[in-house]
Amino acid sequence: MTLLIFICSTTSLISQNTRLIVRADDLGASRSINLAIIKSYKEGIVRSAEVIVPGPWFEEAVKLANEYPNLDIGVHITLTSEWSNIKWRPLTKVESITDENGYFFPFVWPNGSYPRGSIMENDWKIDEIEREVRAQIETAIKRIPHVSHISTHMGCLSFSDETNELLYKLAKEYNLNIISNQTTNVINFPRWSGSQLSKEQKLKNLINNIKSLNTGAYLLIEHPAFDDTESQGMGHIGYENVAEDREGVTYSFTHDAVKSVIKEKNIELISYKDFFSSQK
């Protein structure tokens, strides 16, 4: 789950064409994800990718991001570690948002399958959260100089007014763009994927939804990966078919039929950076 948070001018779009931001989340979380995102950029429709700085494959993510500097990168602020078989820890000492093993809690909000496994069920401290968020932002900027924007993994800063205000404050301080649900000139792309759908159904839905787009700027967020042994080991109670689900996303993002319909409809693929540049 990802909360959309963006700040931008209310000025009308310079371009009156149909424009589409395709964002791939969780760069750095696994090698399968890293390589699928790059494939979806090089051979498909992805134009922006969100990096998880505490992720176990962050070092490779840094190399790939700098190898492809035209791939727009966002800092995907991460305060949770949801998978059962692989975990990540914070960059700083933040005991109020970590479990007894030093890992981030699995979830932001309570989940019945994981008692006390959420930030909200524990005595979180805003100063610790701010310290960790700053560390993630500063690390990302240092290692990937062309970082342009900020987003949140699983809506991790949307659970209180304090944390939400913190996100906007730090975005302004570090000069990073944000898109939010309140952004009147960015439209959420219609739902097309899901863990219960086959890759063929995902592809069909994506094509049909692209055909239905009207004039405006749309945001499509998804999670490419490959159906390999690494992804097959990822999951949690309630979401067990991660590999199959996310392979379907990669399949759809790189399919010739998707690229063809985008070309036929004269849809402009843009990044976050492109979008905000057009607002100036």
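The dialogue below treats a strand, a helix and some loop residues.

Reply: This is a predicted model, in which local features need pLDDT of at least 70, side-chain atom pairs count only at pLDDT 80 or more, and totals for chains, interfaces and linings use all residues. Residues are numbered from 1 along each chain as its sequence is written, and side-chain values use heavy atoms, with hydrogens and water left out.

Me: Why is S1 described as largely enclosed by the rest of the structure?

Reply: Buried means under 20% relative accessible area, exposed over 50%, and partly exposed in between (1.4 Å probe, protein chains only). S1 is largely enclosed because ten of its ten residues are buried.

Me: Which unit do S1, H1 and S2 make?

Reply: A crossover is right-handed if, with the strands pointing away from the viewer, the path from the first strand over the helix to the second runs clockwise. S1, H1 and S2 make a right-handed β-α-β unit.

Me: How many residues has H1, and what covers its buried residues?

Reply: The expected span of a helix is 1.5 Å times one less than its number of residues. H1 (residues 31–42) has twelve residues and reaches 16 Å from its first C-alpha to its last, close to the 16 Å expected. Its buried residues include Ile33, Ala36, Ile37 and Tyr41. Among the elements that cover the buried residues are S1 (18–27), S2 (48–51) and H7 (242–253).

Me: Is threonine 80 buried or exposed?

Reply: Threonine 80, in the loop between S3 and H3, counts as buried because its relative accessibility is 0%. Contact means heavy atoms within 4.5 Å. Leaving aside neighbours within four places in sequence, threonine 80 has contacts including Trp88, Phe104, Ile119 and Met154.

Me: Where does asparagine 175 lie?

Reply: Asparagine 175 lies in the loop between H4 (161–173) and S5 (187–188). Although not a glycine, asparagine 175 has a positive phi of about 55°. It counts as exposed because its relative accessibility is 68%.

Note on methods:
Helices (H or I, at least four residues) and strands (E, at least two) are DSSP runs, numbered from the N terminus.
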